[in-house]
Amino acid sequence: MKKDIIVLGIETSCDETSASVVKNGKTVMSNVIYSQIDIHKKFGGVVPEIASRNHIEAIGKVVKEALDEASINLDKVDVVAATYGPGLVGALLVGLSYGKALAYGKGIPFVGVNHIEGHISANYLDGDFEPPFICLIASGGHSHIVFVKDYGEYEVLGRTVDDAAGEAFDKVARALGLGYPGGPKIDEISKKGDPYKYNFPKSFMEKDNFDFSFSGLKTAVINQLHKEKQKGSQIDIADYAASFQMNVVDVLTSKLIEAAKYKNINKISIAGGVASNSLLREKLSRLASEEGFMLHYPKQIYCTDNGAMIASAGYFDYISGKVSGLDLNAIPYLKLF
Ligand code: KG4
Ligand code: ZN
């Protein structure tokens, strides 16, 4: 019988310190997430220096908790995987250095994981979803449409040329006075708003263009808001949020569906923090069933940053022979390839 491979995954690229134990790339034995959102909230966004310091304070406890919850100790871990980019360099270095040190101390292989590949691999957790599929990754730092040909084999079909989808949610939420992180706040308040009140512009909607641009939309929302404020009009924030959200969801869903048609692939999936958006899920489910696509979502907890997705990506890298040297450095602007 094939031996099980246990991977300890570590994620510290932004404001979550997370560690997880995953068996054979799919079975999550533990997934501990310490979120710093409450600390950064008062600054209206993530403060890199504060994030690094908090990762340093948390990492030891988070890793120990992940091992305890999985009822194993380090001797049972076969591979250590940690995110090495993209992300905040000081934050990345904490998890990366910790992971490399653990692997060195135990004499086991170390795998550096691309964070975007981690988000894609969240689709493999606790289930049997497999490539090939087309994946939309929409998070605070990234918006990509990727053709996942096989485990670890990607073709990027489109990416954002400016703001990521989550970044647009966060910036618009800030302009509307909704606080950080903006995505969940806009999601919630939009339920009370009229999504047809404002017709904001959409970018790159021509056929077979899978790139995104959200900065024009963000500016249009902010300009409209200023105009109405100057006129002294009655402003309903919920209408702004709902109109903005519908615009982003329309763009993301139509590009994902068009990309799947373009590649003639009938499986689609979404990942990243924005994948928890309720309108996005609702609309994509409807479109997928109308168009006959099989749609897969990672569980909500695997959509935002977590160690389990890193462990899964690390596992598939490891079994295909991709092991990293202990001289691997953090790469803040790492691309998918
Ligand atoms: O994947 P993630 O945890 O971190 C990055 O890798 O960036 O994504 C965080 C992003 C934030 O911009 C947050 O506002 C957004 O995901 N987000 C949402 C929702 N929940 C989180 N955006 C829209 N609707 C949501 N429900
Ligand atoms: Zn992320």
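Where in the chain is Asp 126 found? Asp 126 sits in the loop between H4 and E6, and its phi is positive, about 55 degrees, although Asp 126 is not a glycine. Keep in mind that this is a predicted model, where local features need pLDDT of at least 70, side-chain atom pairs count only at pLDDT 80 or more, and totals for chains, interfaces and linings use all residues. Residues are numbered from 1 along each chain as its sequence is written, chains are lettered from A and ligands numbered from 1 in the order in which they are written, and side-chain values use heavy atoms, with hydrogens and water left out. Helices (H or I, at least four residues) and strands (E, at least two) are DSSP runs, numbered from the N terminus.

**Sheet E3-E2-E1-E4-E5**

- This open sheet has five strands in the order E3-E2-E1-E4-E5, with mixed pairing; two strands pair if DSSP finds at least two bridges between them.
- Strand E3 (27–35) and strand E5 (110–114) are at the edges with a single partner strand each, so one side of each has no neighbour in the sheet.
- From one strand to the next, the twist averages 20 degrees; axes are lines fitted to C-alpha atoms, for helices over the stretch in contact, and angles run from 0 to 180 degrees between N-to-C directions.
- Strand E2 (residues 16–23) pairs with E3 in the antiparallel sense over eight bridges, and Thr 17 has Tyr 34 in E3 as its bridge partner.
- Helix H2 (residues 48–69) lies across strand E1 (6–11), E2 and E3, at about 25 degrees to E2.
- Helix H10 (residues 307–319) lies across E1, E2, E3, strand E4 (79–85) and E5, and runs at about 130 degrees to E1.

**Sheet E8-E7-E6-E9-E10**

- Here an open sheet of five strands runs in the order E8-E7-E6-E9-E10, again with mixed pairing.
- Strand E8 (153–159) and strand E10 (294–296) take the edges; each has a single partner strand, so one side of each is left without a neighbour in the sheet.
- On average, neighbouring strands of this sheet are turned by 25 degrees against each other, direction ignored.
- Strand E9 (residues 267–271) pairs with E10 in the parallel sense over three bridges, and Lys 267 has Met 294 in E10 as its bridge partner.
- Helix H9 (residues 278–291) packs on the sheet and touches E9 and E10 (contact means heavy atoms within 4.5 Å), with its direction at about 175 degrees to that of E9.

**Helices H5 and H8**

- The axes of helix H5 (residues 165–175) and helix H8 (residues 237–263) come within 11 Å and cross at roughly 175 degrees.
- H5 and H8 are therefore roughly antiparallel to each other; angles over 145 degrees count as such, under 35 as roughly parallel, 65 to 115 as roughly perpendicular and the rest as oblique.
- Ala 165, Ala 168, Phe 169 and Val 172 in H5 meet Phe 244, Gln 245, Val 248 and Leu 252 in H8.
- The residues of that contact split into seven nonpolar, one polar and no charged; Ala, Val, Leu, Ile, Met, Phe, Trp, Tyr, Cys and Pro count as nonpolar, Asp, Glu, Lys and Arg as charged, and the others, Gly among them, as polar.

**Cis peptide bonds**

- Pro 131 and Pro 132 are joined by a cis peptide bond with omega about 5 degrees, and Pro 132 is in the loop between helix H4 (115–121) and strand E6 (133–138).
- The bond from Tyr 180 to Pro 181 is also cis, with omega near -10 degrees; Pro 181 is in the loop between H5 and helix H6 (182–190).
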